[in-house]
Amino acid sequence: MRHAISVLLENEAGALSRVVGLFSARGYNIETLTVAPTEDATLSRMTVVTSGSDDVIEQITKHLNRLVEVVKVVDLTEAPHIERELMLIKVRAVGKEREEMKRMVDIFRGHIVDVTDKTYTVELTGDKSKLDAFIEALDRASILETVRTGSCGVGRGERVLKI
Amino acid sequence: MELTGAEIVVRSLADEGVEHVFGYPGGSVLYIYDEIFKQDRFKHILVRHEQAAVHAADAYSRASNRVGVALVTSGPGVTNAVTGIATAYMDSIPLVVLTGQVPTTAIGQDAFQEADTVGITRPCVKHNFLVKDVKDLAETIRKAFYIARTGRPGPVLVDIPKDITIARCKYTAPAGEIKMRSYSPVVKGHQGQIKKAVQLLLQAERPMIYTGGGVVLADAASELTKLVQMLDVPCTNTLMGLGAFPADDRRFVGMPGMHGTYEANMAMQHCDVLVAIGARFDDRVIGNPKHFAQNARKIVHIDIDPSSISKRVKVDVPIVGDVKDVLQDFVAHVEAALKETRRDPEQIASWWKQIGAWRERECLKYKASNEVIKPQFVIEKLCEITRGEAFVTSDVGQHQMWAAQYYRFNKPRRWINSGGLGTMGVGLPYAMGVQMVHPDADIAVITGEGSIQMNIQELSTCHQYHLSPKILCLNNRYLGMVRQWQQIDYGSRYAESYMDSLPDFVKLVEAYGHVGMRIESPRDVEGALREAFTTHKKRLVFLDIITDRTENVWPMVKAGKGLTEMLLGSEDL
């Protein structure tokens with residue numbers, strides 16, 4: 001099962017490598033990982049997307065909590081939540097493809113953020129499946145470059161992760 | 001008052017109440033050593049290899065329940081210390097390891113004796129710090145001690161660049177307990193869960209209490225003993241937990257696991273309620289977890305570390321908390337319950353009968369000999385001569401298992417060995433650490449001719465500080481445990497397990513200024529031991545005991561096998 005785990009941790013040098021080291025040392029996998037400071041600059045917020053049985057996820061959560069720099073851990077996927085990922089994708093756009101590509105970007109509610117006479121750079125936000133769908137919809141040969149941030153997430157409604 | 005970083009290090013250690021620091025100097029820590037030279041609040045013990053400094057600090061902690069302290073230089077000082085740190089980490093021993101680092105401006109420049117200390121040690125410490133500003137130094141050292149000794153204990157490393165040790169800032173002596181928003185270990189167990197667990201225990205027909213190193217670390221041996229005696233239930237202690245419950249009590253069924261007793265393993269498998277306390281169901285204790293899960297039983301697990309619970313074995317009643325605190329609650333609840341309703345003594349009578357039948361297998365019986373020295377016999381004699389009161393350190397291998405099986409530990413913190421990491425070479429440095437805590441106690445190092453050579457240089461440290469452990473080297477000219485596995489699983493092909501070209505240990509220890517004896521006949525064992533512990537009480541004595549070459553450790557549960565699939569002797573092969 002896929003899980004998105006949110007971690008609030010001290011914004012200190014080395015904190016990230018402790019989290020990553022934990023995953024590799026114990027043989028857990030990381031699908032995506034995003035991290036950045038929060039509105040309180042002393043704290044970072046991380047979203048780790050991983051997969052495993054319930055037992056494995058329980059161990060991951062416990063081990064994350066055990067790290068001295070980790071303040072709080074929550075498994076977002078246990079309750080309604082929102083996940084977003086940002087993708088920048090550079091595509092070939094020449095001749096009549098240009099119009100077709102523009103339409104496709106509109107359908108997926110993306111933005112073209114950079115243009116040359118042969119290429120478009122598209123910014124697209126959404127959950128993983130939406131970004132995957134966009135890539136699927138394109139002709140593989142027209143994709144020049146993709147870069148994705150990985151998921152970040154937040155609980156729906158009143159649920160907050162804060163100290 | 002403004003102090004230099006080096007002065008702050010020394011003052012901080014003294015203010016933490018540190019009395020002994022084990023270490024080895026080098027370029028990056030010279031300012032610190034200069035301050036150590038000028039003070040007399042703690043004593044520094046100069047080892048001969050950084051690994052031994054950490055082992056000694058580790059044993060110092062195991063024997064005293066205080067935080068052990070080691071100090072080493074950057075680069076090779078640190079890499080040498082890593083085995084010691086990992087050993088302490090696996091057994092949850094509270095240590096503070098101070099390491100020198102190249103100056104902050106040189107970090108990342110591949111400077112002389114530079115190593116990424118924080119990176120190298122990250123997976124084998126509870127936490128580590130790199131101090132980048134002298135203003136953070138005192139606070140960081142305080143945090144290190146706090147983190148090391150609270151919660152599930154463990155080693156904490158503080159990496160201090162050389163320029164920080166000469167920079168100056170204000171120092172104020174610490175006041176009050178440290179508070180950290182990201183670190184607050186649970187102490188108190190959940191009362192509802194405790195009640196539930198006590199109910200299960202009281203209703204059980206085949207109850208079993210299984211305890212590990214956590215009971216020793218939490219200083220909860222007296223609470224455990226009281227609980228077991230009140231309930232009159234069988235109790236087993238793991239390799240790390242020996243001494244937490246008196247081995248001479250009839251309720252003690254021996255150690256469980258790979259080389260555990262027949263009765264302990266059978267009881268672990270066939271009980272209906274298992275209470276695990278400060279133990280972690282590791283592979284050497286329960287064998288194959290699938291096989292272990294075949295028998296239905298309710299499991300209560302008390303541990304300070306939630307990640308130890310339901311890690312290898314599914315638990316019915318988890319209780320997170322300090323073992324001592326939780327056991328006090330347990331005792332109170334059991335007392336109250338027993339006052340209300342007397343338990344029918346018949347309830348567990350047939351369980352005790354069953355255990356009695358298992359005991360009749362006499363799984364630790366061995367073939368005595370007048371010709372060759374049986375290693376088990378040596379341990380029994382040692383136990384007899386030291387009245388079971390000695391502090392026993394051991395290395396890793398067959399001798400370690402025989403020590404655990406045949407020395408009867410009645411008190412905690414007397415049995416000091418590397419359980420988790422299984423580090424050969426710990427025995428001698430461990431004895432050094434123990435003697436710093438108990439200068440006049442009887443201390444025995446049980447080792448083999450393989451293990452002892454892994455840190456034999458420490459004979460020199462022992463000479464310098466007039467340390468007097470008695471080293472019992474069970475010399476079978478083989479890496480015995482390796483040879484045993486090769487005999488059983490690898491067609492008796494003894495690949496590289498024969499110890500050729502051994503030194504003359506008697507001459508060797510004499511060269512270091514100690515007493516050496518070579519014992520070759522069973523008749524001489526007792527006399528030699530008595531001589532070592534009485535005539536040479538104040539000297540280090542090395543007893544090179546030539547033992548049966550191919551004796552094996554029984555019982556044995558082969559790796560990956562079920563706990564009850566025991567081999568009781570060579571006839572089972």
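**Exercise 1. In which order do the five strands of the open sheet in chain B stand, and is the pairing parallel or antiparallel?**

Start with the ground rules. This is a predicted model, in which local features need pLDDT of at least 70, side-chain atom pairs count only at pLDDT 80 or more, and totals for chains, interfaces and linings use all residues. Residues are numbered from 1 along each chain as its sequence is written, while chains are lettered from A and ligands numbered from 1 in the order in which they are written.

Step 1. Strands are DSSP runs of E, at least two residues, numbered from the N terminus. Two of them pair if DSSP finds at least two bridges between them.

Step 2. The order is β10-β9-β11-β12-β13, and the pairing is parallel.

Step 3. Look at the edges. β10 (235-237) and β13 (317-320) of chain B each have a single partner strand, so one side of each is left without a neighbour in the sheet.

**Exercise 2. Describe the pairing of β9 and β11 in chain B.**

Step 1. Find β9 at residues 207-211 and β11 at residues 273-277.

Step 2. They pair in the parallel sense over five bridges.

Step 3. Pick one bridge: B:Tyr210 has B:Ala276 in β11(B) as its partner.

**Exercise 3. Describe the contact between chains A and B.**

Step 1. Two residues are in contact if their C-beta atoms, placed from the backbone, lie within 7 Å.

Step 2. Chain B brings 13 residues into contact with 16 residues of chain A.

**Exercise 4. Which residues does B:Ala53 touch?**

Leave out residues up to four places away in sequence. B:Ala53 then touches B:Phe22, B:Gly23, B:Tyr24, B:Val47, B:Ala70, B:Val72 and B:Ala81.

Terms used:
Helices (H or I, at least four residues) and strands (E, at least two) are DSSP runs, numbered from the N terminus.
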